[in-house]
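Please consult the sequence and the coordinates while reading.

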Amino acid sequence: MPELPEVETIARGLAKRVVGDRIESVWIGSRPQPLRSPAEDIASTLEGRRIVRVHRTGKYIVFDLEGNPALRSWRMAHKRTPAKREAGADRSVRRTQAQWIVHLGMTGRLVVCEPAAEVAKHTHLIARLASGRDLRFVDPRMFGKISVHESGFDPGGAEPLEIGKEQFLALFRGRKTPIKSALLNQKLLRGVGNIYADESLFRAGIRPRRRAATLTRDDLRRLHRAVQQVLREAIALGGSSISDYVDADGEEGFFQLQHRVYGREGEPCLVCKTVVKRVVLSGRSSHYCPRCQK
DNA sequence: ATACCGACCTGTCAGC
DNA sequence: TGCTGACAGGTCGGTA
């Protein structure tokens with residue numbers, strides 16, 4: 001479902017609602033597909049911890065967690081000598097921190113609701129919060145992923161909104177793959193998906209099938225600017241709502257109204273009126289204007 | 001090392 | 001009213 005702007009919007013919405021809250025207990029469903037850590041690790045990592053921050057990295061939502069009553073009582077039970085305490089000080093601080101990582105895949109949603117609310121079909125995890133609400137993970141297609149980490153989760157790739165011009169150029173230099181495939185490669189750039197790749201290429205005037213290595217410095221400079229513009233505008237509008245995407249407050253985004261090529265096959269280009277084309281590239285629909293994009 | 005392609009899932013919608 | 005096939009915002013792992 002979501003790409004960087006949608007995930008950013010969702011993470012911001014969740015931050016408003018759950019930061020400062022504590023996870024009291026966790027229920028995990030029986031489908032193993034969404035779990036990227038063992039269910040018992042997920043439960044024991046979340047339970048008793050406080051959510052201190054919710055943010056996005058690439059297309060991942062990251063919950064920074066702190067504190068764990070189970071460990072605190074373990075420390076009380078194992079009184080240490082001053083020397084030992086000093087040696088272990090760093091480690092014990094780190095021990096109380098953890099991260100809960102959620103990737104929404106195509107259809108994943110994180111819902112904050114009353115515990116009495118009906119449990120939607122395809123609910124895979126329910127976290128009961130100290131404030132008396134539920135945080136639920138729902139995902140019909142189960143392409144989403146849930147895992148826990150000690151800290152410092154890093155999916156690799158560069159953040160498209162932070163990367164500088166020169167680094168951006170270097171990512172694509174010498175690559176024979178179509179530029180669209182390179183944009184979708186999360187190991188290069190993290191967070192760009194099918195919609196924003198198409199929209200960025202349109203704004204930069206580059207056809208999706210152009211080999212990355214054939215792009216000039218100027219092409220890549222325009223692409224760098226286009227990617228950042230498109231993502232920033234989309235975040236400002238709360239993302240693109242296609243079919244059923246809504247943010248944490250149940251609000252739809254509005255960037256779909258700004259799509260210039262995505263989903264507009266057969267319609268006139270908004271710049272030159274040429275009919276927008278759709279081709280399949282590495283299994284994904286790619287939309288472009290044959291006149292505006294070279 | 002790189003680059004395609006199907007697999008992984010369920011739901012929806014168009015066409016017959 | 002069904003049935004079938006195409007398609008969907010994303011990764012993975014196998015194979016060429």
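Is arginine 222 buried, partly exposed or exposed? Arginine 222 is partly exposed, because its relative accessible area is 27%, a value between the limits of 20% and 50%. The model under discussion is a predicted one.

**Salt bridges**

The side chain of arginine 222 meets that of aspartate 219 in a salt bridge, with 3.0 Å from N to O. Both residues belong to helix 8, where they are three residues apart, or about one turn of the helix. Aspartate 219, in turn, has a relative accessible area of 10% and is therefore buried.

Elsewhere, salt bridges with shared partners link Glu8, Arg12, Arg56, Asp154, Glu159 and Arg190 in one network. Within the whole structure, a search finds 19 salt bridges. In general, side chains of opposite charge can pair when their charged atoms come close.

| Aspartate 21 | Arginine 133 | 3.0 Å |

Aspartate 21 is in the loop between helix 1 (4-18) and strand 1 (23-28), and arginine 133 is in the loop between strand 6 (123-129) and strand 7 (134-138), so the pair ties together parts that are 112 residues apart in sequence. Aspartate 21 counts as buried because its relative accessibility is 7%.

**Overall fold and a buried tryptophan**

Chain A contains eight helices and 10 strands. Of its 294 residues, 49% count as buried. Among contacts in chain A with a separation of 6 or more, 66% are between residues 24 or more positions apart.

Tryptophan 100 is part of strand 4 (residues 97-103). Its relative accessibility is 0%, so tryptophan 100 counts as buried. Apart from neighbours within four places in sequence, the residues in contact with tryptophan 100 include Leu46, Ile61, Phe63, Leu110, Leu125, Ile146 and Val148.

**Surface**

On the surface, Leu237, Phe254 and Leu257 form a nonpolar patch that has about 300 Å² of accessible area together. Phenylalanine 254 is in the loop between helix 8 (217-236) and strand 9 (277-281). With a relative accessibility of 47%, phenylalanine 254 counts as partly exposed.

Which residues are around DNA strand B? Among them are Arg31, Gln33, Lys121, His122, Arg141, Phe143, Lys176 and Arg211. Of the atoms of DNA strand B that come within 4 Å of the protein, 62% belong to sugar and phosphate.

For glutamine 33, a side-chain N or O atom is 3.1 Å from a phosphate oxygen of DNA strand B. For histidine 122, a polar side-chain atom is 2.5 Å from a phosphate oxygen of DNA strand B. Arginine 141 instead has a side-chain N or O atom 2.8 Å from a base oxygen of DNA strand B.

Note on methods. Residues are numbered from 1 along each chain as its sequence is written. Chains are lettered from A and ligands numbered from 1 in the order in which they are written. This is a predicted model: local features need pLDDT of at least 70, side-chain atom pairs count only at pLDDT 80 or more; totals for chains, interfaces and linings use all residues. Side-chain values use heavy atoms; hydrogens and water are left out. Helices (H or I, at least four residues) and strands (E, at least two) are DSSP runs, numbered from the N terminus. Buried means under 20% relative accessible area, exposed over 50%, partly exposed in between (1.4 Å probe, protein chains only). Contact means heavy atoms within 4.5 Å. Patches are made of residues with over 30% relative accessible area and no salt bridge: like charges are joined within 9 Å, nonpolar side chains (Val, Leu, Ile, Met, Phe, Trp, Tyr) within 5 Å. Accessible areas come from the Shrake-Rupley method with a 1.4 Å probe; for residues, only the protein chains shown count as cover. A salt bridge is a side-chain nitrogen of Lys or Arg within 4 Å of a carboxyl oxygen of Asp or Glu. A residue is near a molecule or strand if one of its heavy atoms lies within 4 Å of it. A polar contact is a pair of N or O atoms within 3.5 Å; within protein, one must be able to donate a hydrogen and the other to accept it, and residues adjacent in sequence count only if both atoms are side-chain atoms.
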